[in-house]
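Hi,

Here is the structure I said I would pass on to you.

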Amino acid sequence: MQEENEHEPQLVSVTRIKCSEKTLRPTIPCILHFTEVTSVTGLEFLSQPGQEKTIRACYSLAWIIERCLPLKPDTGMEADVHNNSVPLENGNLAPVDRLRRDRSDSPTPGLVEGTEPGAGQDSAMFVHAQSFEDLTADGEQEQEEEVQVPEGGDRSERGPEVEKPRTEGEENEKMQGQPGEEEQEQEEVQSGGGRAKEEDVNSEAWRRHRKHVFVLSEAGKPIYSRYGTEEALSSTMGVMMALVSFVEAGKNVIRSIHAEGYKVVFLRKSPLVLVGVSRTRQSERELTRELLYIYYQIISLLTLTQLNHVFQIKQNYDLRRLLAGSEHLTDNLLRLLDCDPGLFLSAVTCVPLPSSLRDVVSSSLQAAKAKNLVFSILLAGSRLVTLVRKKDQYLHHMDLHLLYNLVGSSSSFREGEGWTPICLPKFNTAGFFHAHISYLEPASDLCLILISTDREDFFTLSDCKRRFLERLRRRSTYQALQEALLAPSYPVSQVGIPELRHFVYKSKSSGLYTSPEIPIPYQSEEEQERLMGLYQYLHSRMHHPTRPLRFIYHCAERENLLSWVTSGFELYLCFSPLGTKALAISAINKLLKWIRKEEDRLFILSPQTY
Amino acid sequence: MALRELKVCLLGDTGVGKSSIVWRFVEDSFDPNINPTIGASFMTKTVQYQNELHKFLIWDTAGQERFRALAPMYYRGSAAAIIVYDITKEDSFQTLKNWVKELRQHGPPNIVVAIAGNKCDLSDAREVSEKDAKDYADSIHAIFVETSAKNAININEVFIEISQRIPVSEPGGGAGARASNSADSPPRAAAPAADDPPPKP
């Protein structure tokens, strides 16, 4: 029953669960991950069939799986249970620092943090918080250098359509890795597109969504579901909560369930419970990070203080009352998580602008200050034009992404001037800032966000905006800015590497990344998500909590990818399938040189403070 | 030409069409797929009325419960409040009554109250009868109109009527020093009405 795996010190148990045919249909094999070594009790209850507890746990599991996953009975799924190659990242919550290596160990001393292309000259704009809970922290965990050609192993998920019974032998083969299968999984991608609230939660279509997200309260009350109405799912959510509390009763924490190519990931953030059900190739850790984003999205509307308060007063409070009208924010955030590399890279991208122009904009923003103003942010679409902050106050990229999402998913800021309380959870979960949000012109993409600590500051900030605009116009910068925004990105052909289709380059010290526009083969929504999925996959391999990699060359069916992490930057390249490894490696240098040459256009090198 | 600044705020349940009313008034446009307002939105519009220029400073507030606590910030400084309900939703009319009570208790004493029954283009789905609403409005001496932001019915009218009821502020003096400047208008919401229990539950 119990399996030791020397690579995985945190993994206490991989337990096989088999439910009795009598009580359940179908037979559900699962792998449970437990965090704590104290989980001996947990192990016992799972490994001693016949106990009442076991049956109840299994029943709950089966319930979730049966309702969420398109399983069919009698498919002999049992064979897939034990699979060493399940990506075993356990979402290690221990501080990543202990895994860090001395930076001086970097084999490329010229590329250490702070000297890489795109590194800011002064202090960075963003917090490099690696708080205890911050799963997005890029711990520099390069422990081993490894080149993989082609990328193999670690594929445990198989598409739900693969249903033929397997023997143990076949399974072992599978462990060796079948990269082709990854593509298969992606092909049946279907985009959710829009809020399909009326969806029948018992329908096949509902089950086949790639990623479900559920938020519930500790009383098991539904708060949010990505697809389908919360009411229709209340019994499912009740079971999820039962499962969470059942494992907790054994002084343990349920983190995930892996079954049939699905991952069910649990994030417990009292007073909320978040559950993700995914059949993407994302690792458990990535999924947890996405759930964390959803959690912070909720906090940003309410503050943690208010959230706790509400549930202290009434444990079975229906939080949807307080969150009413914010569903589209969460929906949009989930879409962003699928297609915006900034969210998994923990970085922000900016509009390419001549540095002289950006400097004028920054200094105009800097001049339009007010006593309680903390951040002034100018966005063009989802890209940063510039950000000016109060001295010693840093914005966390996650908070900025939440602001992007707030502005980008709501048309209500298009007219007039918005004034809204917002909590920046990475700054402070206890209090509200007050944000003045307005577009510089109704038809323009330029959106100004001014963040103050005072809720009575609206007219002060409105005046700041007026002064900023006046200054821009006086220096005729406004026109120049508008013109520059006609081309908000650049084609990859500018780099001059014919086989290169797309890339993402992140400068670690500045927390900024740059990426060309999405090229033709990836322009459809599904293809773009597929490309981002590949990057995300590489990212999770490189930042694996226990087996991080530095360099990956990945041959997929329709493209070749290369990724490289140094202490200064992260680089993800996508080549045409005809490209070779040698060619890819030679392209790195050329690209880095190009980025260095263009860095003052692509990045914000000299961030301003008031 | 004389310029009067008129501070108006819109209150009411979520989804009743506050923003749509404001958009219709300010931009003369209508978007059926408008997102819920987040926080509040500030807009201005200057219109000429007879030989005066009226500059409306409009606070369009969000109707969701989580923004409820912020409402005083907006109505405190307002000379008039338009409380909107949806004629196809009985609940939104109940919410309106709570807003009236709150304004009476915490709002500025002379605030002009207008009640707008929006979505009157959807009279097939009507849940609140015009007469009931009118009677209620009369009982609290509020302006009453049924509006449709979609079909631009009574939108400008409600703003004009408000501007007539708002007392002309005296130079240097606070807004609404006089009880009323038009002879025909009865005392407004500030005056306690007999039919409502004063304390809020």
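Below is what I found, going from the overall picture to the details.

First, some ground rules: this is a predicted model, so local features need pLDDT of at least 70 and side-chain atom pairs count only at pLDDT 80 or more, while totals for chains, interfaces and linings use all residues. Residues are numbered from 1 along each chain as its sequence is written, and chains are lettered from A and ligands numbered from 1 in the order in which they are written.

Chain A has 17 helices and 19 strands.

Now for a sheet. In chain A, 6 strands form an open sheet in the order β8-β15-β14-β18-β17-β16, with mixed pairing (two strands pair if DSSP finds at least two bridges between them). β8 (348-349) and β16 (551-555) of chain A are at the edges with a single partner strand each, so one side of each has no neighbour in the sheet. β8(A) pairs with β15 (residues 512-514) of chain A in the parallel sense, over 2 bridges, and Val348(A) sits opposite Leu512(A) there.

Where do the two chains meet? The contact takes 20 residues from chain A and 19 residues from chain B, where being in contact means C-beta atoms, placed from the backbone, within 7 Å. On the chain B side, α1 (18-27) and β2 (40-49) are the elements giving two or more residues, and β2(B) provides the largest share, 4 residues. That side divides into 9 nonpolar, 7 polar and 3 charged residues. (Ala, Val, Leu, Ile, Met, Phe, Trp, Tyr, Cys and Pro count as nonpolar, Asp, Glu, Lys and Arg as charged, and the others, Gly among them, as polar.)

β2(B) also runs antiparallel to β11 (residues 417-422) of chain A, joined by 3 bridges. Gly418(A) has Ser41(B) as its bridge partner.

Cheers

Note on methods:
Contact = placed C-beta atoms within 7 Å.
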